[in-house]
Amino acid sequence: MTGDYGQTRLSDGSCFEAACRLFDGANSLDPNLEIVEGIARPRELIYAERLTDWVLKLRPGASEELRLAARCQHLCRWMIARSSYPMTRSGYLKWREDLKKFHAEKAGEILRAVGYPEETVARVQTLNLKKNFPQDPDSRVLEDALCLVFLEYQFAELAAKTADDKMINALQKSWNKMTPAAREHAMKLNLGPKEKSLLERALAQTEDR
């Protein structure tokens with residue numbers, strides 16, 4: 001790309017489309033499949049689509065960098081297995097931290113390959129790494145979207161294999177990170193009886209403190 005690349009990107013969106021195609025292509029290699037409407041699809045590809053959808057619901061005019069960050073937030077996540085770290089709290093935290101860096105590095109490679117300038121790469125990586133949260137408005141939108149994807153699509157599966165007290169603690173932590181707007185969306189989700197009960201208990205305990 002030439003020195004006037006930034007202007008070209010804003011006018012035709014070709015780099016954005018190319019980056020999203022490569023992000024989706026990479027996530028399409030996920031060997032872990034999820035059944036959606038009767039069709040088995042790569043889990044991380046579905047996740048990227050869901051996260052993007054929530055970002056755009058929360059902020060229809062989301063910046064290009066925020067939309068890119070949503071599309072690559074869990075890029076190639078399966079490549080670093082949880083089982084490769086000690087099954088302890090510290091091992092879990094180290095895994096999560098290493099994942100964030102891995103996603104940011106992979107995203108940076110793709111963004112540079114399609115011609116994005118370093119300032120855009122750095123901005124997307126900052127969002128991937130959740131730096132400047134909660135002061136950064138875009139990081140708040142992304143975090144809200146992450147929490148809403150969890151509540152809508154992952155909550156039930158995790159609740160089925162997790163002790164109620166641990167689940168309630170996780171819900172409280174997520175709720176505390178969410179903005180009022182995201183909480184309104186969360187309360188309108190079509191949750192199952194058990195999940196709805198757990199959320200109500202989590203919120204009741206939060207109010208009691």
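Mentor: Let us begin with charges and rings. A charge is said to sit over a ring if NZ of Lys or CZ of Arg is within 6 Å of the ring centre and within 35 degrees of the ring normal. Please keep in mind that this is a predicted model.

Trainee: Which residue lies over the face of W54, and at what distance from the ring centre?

Mentor: That residue is K57, at 4.4 Å from the ring centre of W54. In another case, the charged end of R50 sits over the ring of Y153, 3.8 Å from its centre.

Trainee: How do helix 3 and helix 7 cross?

Mentor: One considers the distance between the axes and the angle between them. The axes of helix 3 (residues 43–58) and helix 7 (residues 137–160) come within 9 Å, crossing at roughly 125 degrees. The two helices are therefore oblique to each other. Residues of helix 3 that make the contact include R50 and W54, and Y153 is among those of helix 7. The crossing is right-handed.

Trainee: Is T52 buried or exposed?

Mentor: A residue counts as buried under 20% relative accessible area. T52, which is in helix 3, has 11% relative accessibility and so counts as buried. Leaving aside residues up to four places away in sequence, T52 touches A70 and R71.

Trainee: How many aromatic pairs are there?

Mentor: The count comes to 2 aromatic pairs. One of them is formed by Y92 and W95, with 5.9 Å centre to centre and 45 degrees between the planes, and this pair is tilted. Both residues lie in helix 5 (residues 89–113), 3 residues apart, which is about one turn of the helix. Y92 is partly exposed, with a relative accessible area of 27%, whereas W95 is buried at 13%.

Trainee: What should I look for in the backbone?

Mentor: Most residues other than glycine have a negative phi, and most peptide bonds are trans.

Trainee: Which peptide bond is cis?

Mentor: The bond from F133 to P134 is cis, with omega near 10 degrees. P134 is in the loop between helix 6 (118–128) and helix 7.

Trainee: Where are C76 and K130 found?

Mentor: C76 is in the loop between helix 4 (64–72) and helix 5. Although not a glycine, C76 has a positive phi of about 55 degrees, and at 3% relative accessibility C76 counts as buried. K130 is in the loop between helix 6 and helix 7. K130 has a positive phi of about 60 degrees, although it is not a glycine, and counts as partly exposed at 27% relative accessibility.

Methods
Residues numbered from 1 in each chain as written. Predicted model: local features only at pLDDT ≥ 70, side-chain atom pairs only at ≥ 80, totals over all residues. Heavy atoms only, no water. Phe/Tyr/Trp six-rings, centres within 6.5 Å; stacked < 30°, edge-to-face > 60°. Helix = DSSP H or I, 4+ residues; strand = E, 2+ residues; numbered from the N terminus. Buried < 20%, exposed > 50% of the residue type's maximum accessible area, 1.4 Å probe, protein only. Axes fitted to C-alpha atoms, helices over the stretch in contact; angles between N-to-C directions. Parallel < 35°, antiparallel > 145°, perpendicular 65-115°, else oblique. Left-handed = near helix turned anticlockwise from the far one by under 90°. Contact = heavy atoms within 4.5 Å.
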